[in-house]
Amino acid sequence: MKVDGNCLCGHVRYEAVIDPSMVAICHCTDCQVHSGTAYGIVVGVVEQQFNLLHGTLKVYEKTADSGTIRALAFCPECGNRIHATTPGDKSKFFGLRVGTIRQRDQLKPTVQAWCGSALDWVHDLGAIPKSGQ
Ligand SMILES: [Zn+2]
Ligand SMILES: [Zn+2]
């Protein structure tokens, strides 16, 4: 599935080819902090199928609790996270941040990872009172 997306300020624009059946929720603590919210949502894309159309990406390398180093790429202007990968790979595989994809309403997660650090309430969002705004 061909998708396109952008950061909040529009400096970064990209297009990519993704597998819509490979959308994952990540409850790891790094995703919580880096996203500024409860969890991350990513879809995998191989480097060759990610095309940066406009802008540049700034990369911050973070050593996760597991010891894995992750290269977190974000917009240098607005700080919006775009993707993450493991640095040094010969063939890179990006975890593309689903919230930046224009077609995100068609991308429903199929798996949840790092559930041990999930916030308790996320498993029952339906119980939280809703507003139309
Ligand atoms: Zn931006
Ligand atoms: Zn994560």
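Among contacts in the protein between residues at least 6 apart in sequence, what percentage join residues at least 24 apart? In this predicted model, the share is 57%.

**Figure 1. The whole chain of the predicted model, seen as one fold.** The secondary structure comes to 1 helix and 10 strands, and, read along the sequence, these elements follow the pattern β-β-β-α-β-β-β-β-β-β-β. The radius of gyration is 15 Å, which is close to the 14 Å that the globule rule gives for 133 residues, so the protein is as compact as a globular protein of that length. Taken along the principal axes, the C-alpha atoms fill a box of roughly 40 × 35 × 30 Å. Of the 133 residues in the protein, 29% are buried.

**Figure 2. The open sheet of 3 strands.** The strands of this sheet stand in the order S1-S2-S5, and their pairing is antiparallel. Strand S1 (2–6) and strand S5 (50–54) are the edge strands, each of which pairs on one side only. Neighbouring strands of this sheet are turned against each other by 20 degrees on average, with direction ignored. Strand S2, which covers residues 13–17, runs antiparallel to S5 and is joined to S5 by 4 bridges; in this pair of strands, Glu15 stands opposite Asn51 in S5. As a general point for reading such a view, strands of a sheet pair through backbone hydrogen bonds, either parallel or antiparallel.

**Figure 3. The open sheet of 7 strands.** Here the order is S6-S7-S8-S9-S4-S3-S10, and the pairing is mixed. The edges of this sheet are formed by strand S6 (58–63) and by S10, each pairing on one side only. From one strand to the next, the twist averages 30 degrees. Within the sheet, strand S3 (residues 23–26) and strand S4 (residues 40–46) run antiparallel and are joined by 4 bridges, and the bridge partner of Ile25 in S4 is Ile41.

**Figure 4. The hairpin of S6 and S7.** These two strands run antiparallel and are joined by 6 bridges, with Val59 standing opposite Ala73 in S7. The hairpin has 5 residues between the strands, and in this hairpin Gly67 takes a positive phi near 95 degrees.

**Figure 5. The hairpin of S7 and S8, with Pro76 in its loop.** S7 and S8 pair in the antiparallel sense over 4 bridges, and the bridge partner of Phe74 in S8 is Arg81. There are 6 residues between the two strands of this hairpin, and Gly79 in the turn has a positive phi of about 80 degrees. Pro76 is found in the loop between strand S7 (69–74) and strand S8 (81–85). Is Pro76 buried or partly exposed? Pro76 counts as partly exposed because it has 16 C-beta neighbours inside 10 Å, a number that falls between the limit of 12 or fewer for an exposed residue and the limit of 20 or more for a buried one. When residues up to four places away in sequence are not counted, Pro76 touches Thr56 and Lys58. The C-alpha atoms of Pro76 and Met22, by contrast, are separated by 27 Å, and these two residues are 54 residues apart along the chain.

**Figure 6. The largest nonpolar core, with Val43 as one of its residues.** This core has 28 residues, and those with the most contacts inside it are Cys26, Val43, Leu96 and Val98. At least two residues of the core are supplied by each of S2, S3, S4, S7, S8 and strand S9 (93–97), and S4 gives the most, with 4 residues. Leaving aside neighbours within four places in sequence, Val43 is in contact with Ile18, Met22, Val23, Leu96, Val98 and Leu107. In soluble globular proteins in general, nonpolar side chains tend to be buried together.

**Figure 7. Trp114 and its backbone angle.** Trp114 lies in the segment after strand S10 (111–113). The phi of Trp114 is near 55 degrees, which is a positive value in a residue other than glycine. Most residues other than glycine have a negative phi. Trp114 is buried, because 20 other C-beta atoms lie within 10 Å.

Conventions. Residues are numbered from 1 along each chain as its sequence is written. Chains are lettered from A and ligands numbered from 1 in the order in which they are written. This is a predicted model: local features need pLDDT of at least 70, side-chain atom pairs count only at pLDDT 80 or more; totals for chains, interfaces and linings use all residues. Two strands pair if DSSP finds at least two bridges between them. Axes are lines fitted to C-alpha atoms, for helices over the stretch in contact, and angles run from 0 to 180 degrees between N-to-C directions. Two residues are in contact if their C-beta atoms, placed from the backbone, lie within 7 Å. The radius of gyration is taken over C-alpha atoms; the globule rule is 2.2 Å times the number of residues to the power 0.38. A nonpolar core is a set of buried Ala, Val, Leu, Ile, Met, Phe, Trp, Tyr and Cys residues joined through C-beta atoms within 7 Å.
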